[in-house]
Amino acid sequence: MAPLAIRARGLTLDYRGSSEIVRALAAVDLDVPQGAHVALIGPSGSGKSSLVAVLAGRLAPSAGRVEIGGRVARIHQDLRLVPSASALRNVLHGCLARVSLAKSLRFPSAERQRAEDLLRRVGLGHRLHAPVKTLSGGEAQRVAIARALMQDPDILLADEPVASLDPANAAAIMALLDELRRERGLTLVTVLHDVALAQAHADTIVRLQSGHVLATTPGAGQAALAPPLPAASLPPRLPPNATFLALTAAAVALSWGVMAGAPATFDGAFAEALKFLARLVPTPAQLGEIPWAELGRSLVDTLRMAVLGTVLATVFALPLAALAARNIVPPWLGWPVRAALNLWRSVPSIVWALLFVAAVGLGAMAGVLGLVAYSVGYLTKFFYEAFEGAETSAAGALAELGASGPKRFVHAVWPVALPALAGAILFMLEYNVRAASVLGIVGAGGIGHDLKLAVDWSNWHVVGAILALLALAVIAVDAFSAWARARIG
Ligand code: ADP
Ligand code: MG
């Protein structure tokens with residue numbers, strides 16, 4: 001018999017919760033010869049993943065001991081890949097333990113070559129540069145296998161590698177694991193749900209129940225192919241959502257009642273408002289009097305203020321957000337930064353503009369500084385929330401692959417946070433275009449100044465023209481923003 005790759009005796013694992021202790025493994029003995037394939041099966045909660053975590057060295061057993069003869073790589077059931085990164089990059093993450101942070105920004109060409117070869121080997125040579133989120137379940141599983149192989153393992157632990165795949169893909173992945181085992185002399189420990197698959201591919205089947213080994217039976221190894229399984233049936237169609245229909249009907253009835261009961265005095269006010277609105281529309285004669293060139297320049301100034309304010313605020317907010325994010329800095333640093341930001345955000349943009357008009361005088365400079373001060377408070381909050389939200393299981397998986405804190409940030413947190421960061425910047429730009437157009441009212445430059453003058457002089461047709469220009473600018477910026485968002489998503 002081949003020497004053992006894994007020898008476990010009396011493994012016991014207790015999870016200590018706040019109130020109770022869960023015994024996930026109870027005196028488990030396990031022998032896995034080198035080059036063998038052992039399949040763990042058993043109902044949900046029987047301790048399969050816990051056993052895998054102990055074998056991977058990620059959980060220390062409460063009692064018993066485990067001897068591992070070789071380098072171990074684990075494939076998580078939920079894969080823990082970085083969705084926005086390409087297949088190739090995800091596989092390269094497998095070598096983060098042996099590549100420095102600086103080198104990992106482009107990865108050495110020898111490592112790139114290896115990663116490409118591995119992806120070709122698992123049948124993904126045509127999708128090297130595809131973001132993982134665009135891959136099918138079976139393809140993503142292949143990327144995860146390639147990433148594990150990038151660590152040069154002797155022992156591969158695969159937790160439910162086919163649980164989320166259809167039968168055809170499941171059979172293909174199992175066949176791939178068989179081939180890799182033969183080619184590389186890998187020792188395989190898999191967690192499988194399907195007894196037939198375990199029977200067909202594993203040499204030994206270990207059945208767990210409530211943390212105990214219930215039975216150990218021989219399997220057919222690679223001798224047989226998985227029998228075809230019946231295709232899963234489609235879920236039934238949902239009936240039309242009755243609650244939604246009822247709520248809509250109630251809302252319509254309620255609005256109708258309110259309108260019908262409105263006091264008669266509203267009629268007079270409504271007519272007045274209409275007359276006023278009519279004055280905003282320039283007559284053909286007034287159209288020529290409107291200083292279009294001057295208004296156009298003011299509008300461009302306004303947009304410039306908004307863009308410059310947003311860009312500068314982004315530059316300040318990024319490092320501040322890093323100082324506030326719970327997954328980047330310790331609590332004693334993050335907490336005061338977040339508290340200060342809460343106070344900072346309570347100041348409205350128009351008040352900031354007033355303060356800066358007092359400090360640096362009338363004009364666009366005061367407007368830009370006002371927007372920067374206001375936007376920094378919000379952008380920092382959006383950014384640190386994005387960093388914290390990007391602390392996915394993928395970042396944890398990279399830590400397990402041996403990546404240091406900064407490497408995790410660069411390869412798993414930053415790329416995941418990027419769309420949220422870009423979305424926040426676009427939102428701020430939309431806000432700042434609107435804010436910049438009124439800051440002129442307090443003397444902070446831009447078209448708001450023209451608006452205030454026109455109102456002071458009761459030049460209603462000019463007011464109408466300015467409002468129309470602002471509407472066009474806002475629509476244009478929102479359209480740009482929607483276009484940009486569609487490209488980031
Ligand atoms: P399986 O993979 O077979 O479904 P697990 O190893 O995940 O089983 O879980 C075994 C038992 O340990 C279950 O009762 C589960 O609820 C419990 N358990 C798993 N992980 C934890 C944890 N982090 N904290 C507390 N209990 C846990
Ligand atoms: Mg599990």
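R485 is partly exposed, at 33% relative accessible area. In this predicted model, the R485 side chain meets that of E430 in a salt bridge, with N and O 3.2 Å apart. E430 is buried, with a relative accessible area of 17%. The cut-off for buried is under 20%, so E430 at 17% falls into that class. R485 belongs to helix α18 (residues 460–488) and E430 to helix α16 (residues 405–439), so the bridge ties together parts 55 residues apart in sequence.

**Other salt bridges**

The structure holds 22 salt bridges. Side chains of opposite charge can pair when their charged atoms come close. Another of these pairs joins E183 and R121, at 2.5 Å from N to O. This pair also links distant parts of the chain: E183 sits in helix α6 (residues 167–184) and R121 in helix α4, 62 residues apart. E183 is partly exposed at 46% relative accessibility. R121 is partly exposed too, at 24%.

Helix α4 (residues 109–121) also holds both R120 and D117. R120 forms a salt bridge with D117, and their closest N and O atoms are 3.4 Å apart. The two residues are three positions apart, about one turn of the helix. R120 has a relative accessible area of 43%, so it counts as partly exposed. D117 is partly exposed as well, at 40% relative accessibility.

| Pair | N to O distance |
|---|---|
| R485 and E430 | 3.2 Å |
| E183 and R121 | 2.5 Å |
| R120 and D117 | 3.4 Å |

Salt bridges can also form a network. R7, R65 and E67 are linked in this way.

**The sheet**

Now to the strands. Three of them form an open sheet, in the order β2-β1-β4, with antiparallel pairing. Strands β2 (21–33) and β4 (63–68) are the edges, and each pairs on one side only. From one strand to the next, the twist averages 20°.

How many bridges join β1 and β2? Strand β1 (residues 4–16) pairs with β2 over nine bridges, in the antiparallel sense. L13 has L25 in β2 as its bridge partner. Helix α1 (residues 48–55) packs on the sheet and touches β1, β2 and β4. The direction of helix α1 makes about 60° with that of β2.

Note on methods: Residues are numbered from 1 along each chain as its sequence is written. Chains are lettered from A and ligands numbered from 1 in the order in which they are written. This is a predicted model: local features need pLDDT of at least 70, side-chain atom pairs count only at pLDDT 80 or more; totals for chains, interfaces and linings use all residues. Side-chain values use heavy atoms; hydrogens and water are left out. A salt bridge is a side-chain nitrogen of Lys or Arg within 4 Å of a carboxyl oxygen of Asp or Glu. Helices (H or I, at least four residues) and strands (E, at least two) are DSSP runs, numbered from the N terminus. Buried means under 20% relative accessible area, exposed over 50%, partly exposed in between (1.4 Å probe, protein chains only). Two strands pair if DSSP finds at least two bridges between them. Axes are lines fitted to C-alpha atoms, for helices over the stretch in contact, and angles run from 0 to 180 degrees between N-to-C directions. Contact means heavy atoms within 4.5 Å.
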